[in-house]
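I opened my notebook to get to know a structure that is new to me. Here is what I looked up, entry by entry.

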Amino acid sequence: MLGLSALLLAAATPAIVEQTGPHILVAGPIVVQSLTYGPEPRQGLELFTRERAGRGPLIVYLHGGGWSAGSPRDGARGAQAEHWTSLGYAYATVAYRYVPIVTAEEQLRDIAKAIAFLRRQRGVDGRRIILIGHSSGATMAAQLGTDPQWLEGARVPFADLKAVVLLDPSVLDIAPLMAAAEAPAVERYFRPAFGDDPVRWSQLSPIKQVGARDAPAWAILTDANNVFAAAQGGDFAAALIGAGAKEARVTPIPDTSHMQLNNQIGQTDDRATAAIDAFLARALPEMQRPRFR
């Protein structure tokens, strides 16, 4: 299966280039807003924009933490906000409630509600949405990008989701993972999130939802040592291409780790950042017109 994935992806997607310019470059200070999108604990977010940027496409970052921990600040500890806002994007990091206080489905509803809220904010072009998720947050981004019920349930038009970036996703096909019964990670993270019902596993597995309506462009970046993420990512990308996605490709990133892959996004000479920049240049070509402010 992985060999077939590689052949399909090689034929269907262009090579990544390290130099992507010119982008829209936006100077001026970053405006940071801490906002709440609901009344419950952890229904909050941070929105980063530039004073002079106008309305930019919205990048929404979803943090990892095994559905039961983590922080939206994982998307803004380093250079992420500086990088994305300097290229003309509005950038948001979203908190959501944890399992077992809520279900995995309710977490997706939290995120969709946050996106609906963000679309109404100053400096945000809500008709162009990009999701970036790390680890379990990448699984959530893939769930949102393959099953329109979550965004549309919050009155966000699914067609406004233009691209999805997955950073070392935890799982894209749940059943094979759950077959590793009593594995420590399964019992600690995955069974509390997904339970024991194979029907529910299928409903929450992004690869099982591919084919009806999917986001049109996908980038899957993995730690080169994470064989599981590469294998599931390859099968997932092949399914997306087979279903008509414009682009879906897996890029292993060498000399990194599960956390470094996330934390170094936005840094100068970071290979993952270059890959994402190149991908977004193809997904949103209008952002390539040079316009200095």
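**Entry: the surroundings of D214.** I listed the contacts of D214 (heavy atoms within 4.5 Å). Leaving aside neighbours within four places in sequence, D214 meets G145, T146, F158, Q209, L240 and A243. I found D214 in the loop between α9 (206–209) and β7 (217–223). Helices (H or I, at least four residues) and strands (E, at least two) are DSSP runs numbered from the N terminus.

I then checked the charge of D214. D214 is buried but has no salt bridge, and the nearest side chain of opposite charge, R213, is 8.5 Å away. Buried means under 20% relative accessible area, exposed over 50%, partly exposed in between, with a 1.4 Å probe and protein chains only. A salt bridge puts a side-chain nitrogen of Lys or Arg within 4 Å of a carboxyl oxygen of Asp or Glu; Lys and Arg count as positive, Asp and Glu as negative, while His and the chain ends are not counted. A polar atom of the D214 side chain does lie 3.0 Å from the backbone nitrogen of G211.

**Entry: ground rules.** This is a predicted model, where local features need pLDDT of at least 70 and side-chain atom pairs pLDDT 80 or more, while totals for chains, interfaces and linings use all residues. Residues are numbered from 1 along each chain as its sequence is written, and side-chain values use heavy atoms, without hydrogens and water.

**Entry: the whole chain.** I noted twelve helices and eight strands. Of the 293 residues, 57% are buried.

**Entry: the cores.** Which residues touch the most other members of the largest nonpolar core? They are L45, L131, L166, F194, W218 and F236, in a core of 59 residues. Helix α3 (residues 104–118) gives the largest share of this core, nine residues. Apart from it I found another core of 26 residues, including Y61 and F279. A nonpolar core is a set of buried Ala, Val, Leu, Ile, Met, Phe, Trp, Tyr and Cys residues joined through side-chain atoms within 4.5 Å.

I also looked at W218: among its contacts beyond four places in sequence are G145, T146, L240 and F279.

Entry: V99 and P100 are joined by a cis peptide bond, with omega about 10 degrees. P100 sits in the loop between β4 (90–94) and α3.

D168, not a glycine, has a positive phi near 45 degrees. Is D168 buried or exposed? D168 counts as buried because its relative accessibility is 1%. D255 also has a positive phi, near 55 degrees, but D255 is exposed, at 79% relative accessible area.

How values were computed: A polar contact is a pair of N or O atoms within 3.5 Å; within protein, one must be able to donate a hydrogen and the other to accept it, and residues adjacent in sequence count only if both atoms are side-chain atoms.
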